[in-house]
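Hello,

Here is the structure I said I would pass on. My notes follow below it.

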Amino acid sequence: MITKNQATELLHEHTKNQNLRRHMYAVGFAMRALADRLGGDGEMWETLGLLHDADWEETKDTPNEHTKHTLDWLRKMGEIDGPIVHALMSHNRKHTGLAELEGNMEWALETVDELTGFIVAVALMRPDKKLATVELSSIMKKWKNKAFAAAVDRNQIAQCEEKLGIPLDEFIRLTLQVMQENHETLGL
Ligand SMILES: [Fe+2]
Ligand SMILES: [Fe+2]
């Protein structure tokens, strides 16, 4: 099974944009926290977070290729099946049709992916542009304002309730907290 360190190396090799790297760090931290909450394998869930958009720089103009490049890199490392491979296949299922979402780890990625970006957007509205002063209440206020970060699909995130059994406010609080704890790595 690919390790977190190997995933980080792949990410750095193929993703030069700092903000994009930080997106994957944030999703990695959130995935580890969700694994702790749900009894998953924290190392594996974080590894998936680090890898889920690792080929985005190369595939952003060809969405049906997204995750296929990463799957190729893993194949060359001898990683041909297993939970990470399946999760990468299902992550871009709308374009690739490679696999449907299965299990808590894949639903965690599906629901937390855009939430991390939403929380970054809220932090950037603060005068100091820092995560430290962001409160759950300010996120919930922006959540209800459909014009704010309009591209973020609230329904996709809110599936945390049905698919993971975690109430939305707890899901957001947990993600905010782990992002605040790692604010230096996230540059916020
Ligand atoms: Fe993606
Ligand atoms: Fe993502």
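At what angle do the axes of helix α8 and helix α12 cross? The axes of α8 (residues 103-124) and α12 (residues 168-181) cross at roughly 60° and come within 10 Å. Helices here are DSSP runs of H or I with at least four residues, numbered from the N terminus. Axes are lines fitted to C-alpha atoms over the stretch in contact, with angles from 0 to 180 degrees between N-to-C directions.

Before going on: this is a predicted model, in which local features need pLDDT of at least 70 and side-chain atom pairs count only at pLDDT 80 or more, while totals for chains, interfaces and linings use all residues. Residues are numbered from 1 along each chain as its sequence is written, chains are lettered from A and ligands numbered from 1 in the order in which they are written, and side-chain values use heavy atoms, leaving out hydrogens and water.

Now the metal site. The iron ion (ligand 1) has as protein donors (N, O and S atoms within 2.8 Å of the metal, or 3.2 Å for Na, K and Ca; water is not among the atoms, so sites may look incomplete) Asp 53 (OD), His 66 (NE2) and His 91 (NE2), 2.1 to 2.3 Å away. Their spacing along the chain is D-x12-H-x24-H. Asp 53 also coordinates the iron ion (ligand 2), and the iron ion (ligand 1) is 4.2 Å from it. Asp 53 sits in the loop between α3 and α4 (56-59) and His 66 in the loop between α4 and α5, so the pair ties together parts 13 residues apart in sequence. Asp 53 and His 66 are both buried (under 20% relative accessible area with a 1.4 Å probe, protein chains only; over 50% is exposed, and in between is partly exposed).

His 91 is among the buried residues of helix α6 (residues 83-91).

Regards

Definitions and conventions. Helices (H or I, at least four residues) and strands (E, at least two) are DSSP runs, numbered from the N terminus.
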